[in-house]
Amino acid sequence: MPEYSYVGKEVPRLDAVEKVTGAALYTADLKFQGLLYARLLKSPYAHAKIVRIDTSKAERLPGVHAVLTGEEIPYRFGIYMSDKYMLAYKKTRYVGEPVVAVAAESEELAEEAAELIEVEYEELPAVFDPREALKEGAPLVHEGLDEYLHAPFIFPKAGTNIANHFKLRKGDVEKGFKEADVIVENEFTQPMVQNVQMEPHVSIGQWHPNGRIDVWTSAQSPFAVRYLLSVGLGVPLHRITVRVPFLGGGFGGKAGLHWEPLVVLLSRKAGGRPVKLLMTREEEFNTAAVRQGMYARIKTGVKRDGRITAEEILYIWDSGAYADYAVNIARAAGYSCTGPYDVPNVKCDSLTVYTNHPYGTAYRGFGHVEFHWATERQMDLVAREIGMDPLEFRLKNAALPGKVTPTGEVLADDCGRVDQCLKAVAEELGWGKPREKRTENGKLQGIGIAALWKAPAMPSYTSSSAIVKLNEDGTVLLSLGLTEMGQGTETAFAQMVAQELKIPLEKVNVVRERNTDTAPYSWQTVASRGTFMDGNAVLRAVDDLKRKIKETASDLLGYPPESIAIADGYAFVAREPDKRVSLAQIATCGVLPDGRGVRGPLLGYGYYTAEGLTFLDPETGQGRPALMWTFGAQGAEVEVDPETGDLRILKVATALDLGKALNPLLVKGQIYGGVVQGLGTTVMEEFIFDEKGRLLNNNLTDYKIFRTQDIPDKFVPILIENPQRNAPYGARGIGEHPTIGIAAAVANAIYDATGVDFFDLPITRERLWKGLKGVKK
């Protein structure tokens, strides 16, 4: 690989000082003249008909300016399926669903008003297990499913609780099972969990008397918010402005549309005054979107020599009350269903199912964290059944260049190498070398491994754009539609601009706020697509700017544009570098010796649209859904106390074939954070409901996430660089991937140490202790 001045270097994040000093302004920090505050009255029932609502006492309370019910705003919204009301309409579908919204002079007053509202309910039968929801006669969460608008690649089943049924068929599964020497079938589950982003959901909306709408929001995707507001409210796009200031994390939970329509509608009723809704941490659990639960059943046919002949896979996703991103998660999991393996015969059904739980949305990994738990446990279990080393089994079936994915795509020679990732992790763990499994103090140690892959889950026609503007002093301003939520994209893109223009990084600034009126369009900040798609757009924008710089310099210097070079703040004749003009001199226009101006202000525009992707066949899932595949592997070394069930994760090794590390420091940060997040959902995170669908652990006291004392003793990030030709500097996205596969690696390591198998998450201390007791018996 070539050596670069900025790209590939460990540059600290450009926004770090603002964030750590408190100078950064988030949506919750914003205040406006006449600002009102919103609070919600929420449903105590998982499924209930709304018989009567009396808001009179709340409306009479001084300082209350708006009270809204679902009957007043029967608009439906949804990113892929328009099935969600901002306030429960006719009936409630989960405990914590907003029924009435109040806007008042203070949060305390709005809360007081909400408590004065009287609602009469008629409780209805509820369903909480998605497998039960599939049965004939199960309570219907959405009776009008056939009326909902939905994306063309989503396939709901009217008269059922199925929001989407994704089918994948490759080869002949029955023939494949007949060829198998051994067939292994297992079931796996994962519970609902919370995204737990540091900043909760917060939105400010203002519907002006002239019909214009302004929104300030903690959203990952401002253009998606604007579009969905436009569709849902029937307001033209040019009359809606969405602004995203600093964003305090998202992990998928702030993708798409959330509470923005509600504050806008409250503002309209309050006469155009701005309204802010800031969710409490408890509301993040009870009311806001969560990661859906999953059930998996995998049947694998394999030859004694280790070759997989067939797989039949069923994924059932607990979408909760509304479809949101869960319908596309089922699709993404479906077309990636086997994990990074060459399986000639595949049948997969991936179903998004409504229940009366809180509604599911995107979460870091977009379903891949969940289904890799199943596939990578299954790989170990199958290997054990045929007496083969789990690493050897994975390598024998690895999806390498030239192999065919479940959707029929032939992997290109520059797609990345899962085998190299597996071998690198295995070497770090000392795989195959003699080791003691019991320590001197009686604790048990083991190692486990897992492979992973993921492609951006997005429509086949998504696009991104960027603008690079040359300022009058020779500095450069980069404008993006992609949001910065902690991943460091702004810094990496600034490095690319400095690299291409050959100017100091300090001369590149990135516009912090995303404003849909002024920022270039980007589809969404999701799916680990930003580095690839927006990165390509940035490079094209720089190329456009360089072309214009050269044309202006050509007019002034009298040499053809192709003879002009750019470096160190100058445009000059490549073979006669003393003939030059500074970028500052030509930023607004070129000036000829006689004073005449030529050309004009210099800025570059670039776009990138996904290449070569197609719709998938609705019956077979065949087609091309993947812009790129990022492959990787996880390895874990664990220590278990057999007397107490106490689990300590000693080491995690994560190898990712990211093509090119644009900024290794930021990549390692992504790996550390992603692994810790994945470990949390592995060993402690889960929603616990009672029989009525009430969440019992709706706060960070009762719902445990990883803390400092839980972090592994040692992290080993391994960056493998097999560049992809059509990617910026060969780089693939990796934002989600460190969370994927770690659960299975830990569970496989626990088995290696103790002989205890796990099929359900999380692997809590109590469950591990019970498993150890079973082994002892």
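Student: What makes the backbone oxygen of F366 and the side chain of H368 a polar contact?

Tutor: In this predicted model, the backbone oxygen of F366 lies 3.1 Å from a polar atom of the side chain of H368. The cut-off for a pair of N or O atoms is within 3.5 Å, so 3.1 Å meets the distance limit.

Student: Where is H368 found, and why is H368 called buried?

Tutor: H368 is found in helix α10, residues 368-386. Buried means under 20% relative accessible area. The relative accessibility of H368 is 0%, so H368 counts as buried.

Student: Which residues does H368 touch, leaving out those up to four places away in sequence?

Tutor: H368 touches A332, S336, W453, K454 and I740. The criterion for a touch is heavy atoms within 4.5 Å.

Student: What makes strand β13 mostly covered?

Tutor: β13 spans residues 240-244, and five of its five residues are buried. On one side these are I240, V242 and V244, and on the other T241 and R243. Both faces of β13 are therefore covered.

Student: Why do the residues of a strand divide between two faces?

Tutor: In a regular strand the side chains alternate between the two faces of the sheet.

Student: How do you know that β12 and β13 pair?

Tutor: Pairing requires at least two bridges. Strand β12, residues 213-217, and β13 have four bridges, so they count as paired, in the parallel sense. I213 stands opposite I240 in β13.

Student: How many bridges join β13 to β24, and in which sense do these strands run?

Tutor: Two bridges join β13 to strand β24, residues 514-515, and the strands run antiparallel. With at least two bridges required, this count is enough, so β13 and β24 pair. The bridge partner of R243 in β24 is N515.

Student: Which unit do β12, helix α6 and β13 make?

Tutor: They make a right-handed β-α-β unit, with α6 covering residues 222-233. The handedness is called right because, with the strands pointing away from the viewer, the path from the first strand over the helix to the second runs clockwise.

Student: How do you know what span to expect for α6?

Tutor: The expected span is 1.5 Å times one less than the number of residues. α6 has 12 residues and reaches 16 Å from its first C-alpha to its last, close to the 16 Å expected. Helix α16, residues 664-683, has 20 residues and reaches 28 Å, close to the 28 Å expected.

Student: What makes α6 and α16 mostly covered?

Tutor: In α6, 10 of its 12 residues are buried, among them F223, R226 and L233. What covers the buried residues of α6 includes β12, β13 and β24. In α16, 15 of its 20 residues are buried.

Student: Which residue follows α6, and what is its phi?

Tutor: G234 follows α6, with a positive phi near 70 degrees.

Student: Why are β25 and β27 placed at the edges of their sheet?

Tutor: The open sheet has three strands in the order β25-β26-β27, with antiparallel pairing. β25 and β27 each have a single partner strand, so one side of each is left without a neighbour in the sheet. The twist averages 35 degrees from one strand to the next.

Student: How do you know that β26 pairs with β27?

Tutor: Four bridges join β26, residues 570-573, to β27. At least two are needed, so β26 and β27 pair. F572 stands opposite R580 in β27.

Technical notes:
Residues numbered from 1 in each chain as written. Predicted model: local features only at pLDDT ≥ 70, side-chain atom pairs only at ≥ 80, totals over all residues. Heavy atoms only, no water. Buried < 20%, exposed > 50% of the residue type's maximum accessible area, 1.4 Å probe, protein only. Axes fitted to C-alpha atoms, helices over the stretch in contact; angles between N-to-C directions. Polar contact = N/O pair within 3.5 Å; in protein donor to acceptor, adjacent residues only side chain to side chain.
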